[in-house]
Amino acid sequence: MNIDFSDRALRIKASEIRELLKLTVQPNIISFAGGLPAAELFPLADIADVAKDVILNEGQSALQYSPTEGLQKLREIIISQRLERVNIKADLDEIFITSGSQQALDYVGKMFINEGDKIFVESPTYLGALNAFLAYGPEYVEIPLQCDGIDTDRLEELLKSGLKPKFLYTIPDFQNPSGITMSMEKRKKLIVLANEYDLVIIEDSPYAELCFASEQIRPIKSLDTEGRVIYLGTYSKTFTPGLRIGWVVGNPVLINKFIQIKQGSDLQTSSLDQRIAAEYMTRFDLNKHITKIIDVYSKRRTVMLDTMKAHFHPDITYTESDGGLFTWAKVKEDMDTKAILAEALLENVAFVPGASFFANGGKNNFMRLNYSCMSEEKIREGIERLAKVLNKYY
Ligand code: PMP
């Protein structure tokens with residue numbers, strides 16, 4: 001059969017490192033390649049009780065179709081529990097539920113991108129967003145990340161030169177892959193530039209609440225007075241990713257368009273999952289659970305950084321992330337971390353080579369290391385193995 005894929009389908013490609021990373025599921029391999037939350041922290045017994053009660057007490061609704069915009073009770077809970085905590089004020093018609101924020105990224109692409117449209121992205125940025133947008137044929141314009149977030153001077157230069165992107169995509173908190181957080185000063189500058197140049201900002205914020213420092217920085221959305229920031233949130237990293245519940249906060253005109261798009265996509269996010277989440281959030285205090293996650297992850301982060309400090313060559317630099325799941329290491333300019341991964345696998349340790357996080361490629365000397373889903377002992381052992389491989393080059 002001659003399979004005549006659309007141009008859109010042809011743009012979606014399997015990741016070249018996927019085959020290599022398949023090897024990392026073997027039990028003897030210590031893998032820093034994943035991006036998964038720690039499954040041993042999922043509150044299983046509580047979720048089991050809640051799920052049973054939801055089915056027994058409200059099963060007919062929980063297993064029925066439900067409104068595309070999401071369960072009203074869950075949207076109210078997200079507004080009062082999650083958004084208020086990060087200083088975002090939203091009405092019910094400014095929020096809708098998605099099947100994880102990955103779905104929201106696809107909808108953003110569908111909603112804004114015509115083939116050839118310019119999209120501003122941080123360099124590096126989340127691979128899953130690049131792939132989601134890619135289907136719609138954008139031209140990526142990379143804006144460098146500095147240690148305090150996106151290079152706003154470069155952004156201003158590009159906007160001044162007349163470049164008009166459909167939107168700017170940013171992950172301001174404990175970014176995937178770099179672990180970098182945007183300073184308050186830059187968030188304010190970004191809003192000023194967005195207002196001046198009529199820019200739409202997509203603020204993707206799955207990690208903000210996993211903050212190890214004493215004070216979280218306010219989201220860009222909380223500074224938005226013109227309804228030009230579309231904010232993406234999710235329970236994936238603070239509760240469980242398997243329920244697939246995310247949310248979009250934006251002005252009602254945009255939310256309405258998102259809902260129309262969702263109607264043609266999956267009609268609604270699972271009624272059962274939404275009711276389980278809403279009931280859990282009513283009975284239990286997610287903030288307490290988040291505190292527990294932060295405690296475990298921050299210790300794992302410290303073990304990873306301390307072991308890197310002790311065993312990596314001093315010329316290898318890395319982010320001292322203050323939250324989230326990742327650190328990001330830079331090796332010598334002429335080194336290729338894809339080749340190093342092949343060597344690392346022989347030592348039974350894995351990471352994600354950084355090249356795929358750059359929208360237009362070309363940077364091969366970075367690696368992303370995840371510390372959330374492994375014991376401190378394994379982190380120590382894995383980083384020592386990795387140091388052995390890397391130090392051969394120095
Ligand atoms: N955005 C970023 C930056 C992510 O790292 C992830 C998950 N790795 C997502 C979005 C998607 O998350 P989910 O669909 O589980 O909410």
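Modeller: Let me begin with the second largest cavity in this predicted model, because domain 1 (7-43 + 288-391) and domain 2 (61-283) both give residues to its lining, so that cavity lies between them.

Colleague: Which residues line the second largest cavity?

Modeller: The second largest cavity has a volume of about 50 Å³. By class, its lining has seven nonpolar, three polar and one charged residues. The residues that line the second largest cavity are P37, A38, L41, F42, S236, K237, T238, F239, H289, I293 and Y297.

Colleague: How many Å separate the centres of domain 1 and domain 2?

Modeller: The domain assignment of the protein gives domain 1 as 7-43 + 288-391 and domain 2 as 61-283. The contact between them takes 32 residues from domain 1 and 35 residues from domain 2. Taken over C-alpha atoms, the separation of the two domain centres is 24 Å.

Colleague: How much space lies in the largest cavity, and which residues lie nearest its centre?

Modeller: The structure holds two cavities of 30 Å³ or more, and in the largest cavity lies about 110 Å³ of space. Its lining is made up of 13 residues, which divide into seven nonpolar, four polar and two charged. Nearest the centre of the largest cavity lie S205, E209, Y231, T234 and W247.

Colleague: Which element gives the most to the lining of the largest cavity?

Modeller: The largest cavity is lined by 13 residues. The elements that give two or more residues to this lining are α4 (72-83) and β8 (229-234). With three residues, the element that gives the most is β8.

Colleague: Turning to the largest pocket, which residues are the closest to its centre?

Modeller: The largest pocket has a volume of about 1,000 Å³. Its lining counts 40 residues, and these divide into 20 nonpolar, 13 polar and seven charged. The closest to the centre of the largest pocket are G34, G35, L36, Y126 and R368.

Colleague: Which element gives the most to the lining of the largest pocket, and which domains does that lining draw on?

Modeller: At least two residues of the lining of the largest pocket are supplied by each of α2 (18-22), β1 (30-31), α5 (100-112) and α6 (127-134). The element that gives the most to this lining, with four residues, is α5. As for the domains, the lining draws at least three residues from each of domain 1 (7-43 + 288-391) and domain 2 (61-283).

Colleague: What radius of gyration does the protein have, and what would a compact globule have?

Modeller: Along the principal axes, the C-alpha atoms of the protein fill a box of roughly 60 × 60 × 55 Å. A compact globule with 394 residues would have a radius of gyration near 21 Å, which agrees with the value for the protein, 21 Å.

Colleague: What percentage of the residues is buried?

Modeller: The secondary structure of the protein comes to 13 helices and 14 strands. Among contacts with a separation of 6 or more, 77% are between residues 24 or more positions apart. Counting as buried those residues with under 20% relative accessible area, the buried share of the 394 residues is 55%.

Methods
Residues are numbered from 1 along each chain as its sequence is written. This is a predicted model: local features need pLDDT of at least 70, side-chain atom pairs count only at pLDDT 80 or more; totals for chains, interfaces and linings use all residues. Side-chain values use heavy atoms; hydrogens and water are left out. On a 1 Å grid over the protein atoms alone, a cavity is a set of points where a 1.4 Å probe fits but cannot get out, and a pocket is an open set with protein on both sides within 12 Å along at least five of seven lines; lining residues have an atom within 4 Å of a point. Grid points are joined across faces, edges and corners, and a volume is the space filled by probe spheres set on the points. Ala, Val, Leu, Ile, Met, Phe, Trp, Tyr, Cys and Pro count as nonpolar, Asp, Glu, Lys and Arg as charged, and the others, Gly among them, as polar. Domain bounds come from an automatic or database domain assignment. The radius of gyration is taken over C-alpha atoms; the globule rule is 2.2 Å times the number of residues to the power 0.38. Buried means under 20% relative accessible area, exposed over 50%, partly exposed in between (1.4 Å probe, protein chains only). Contact means heavy atoms within 4.5 Å.
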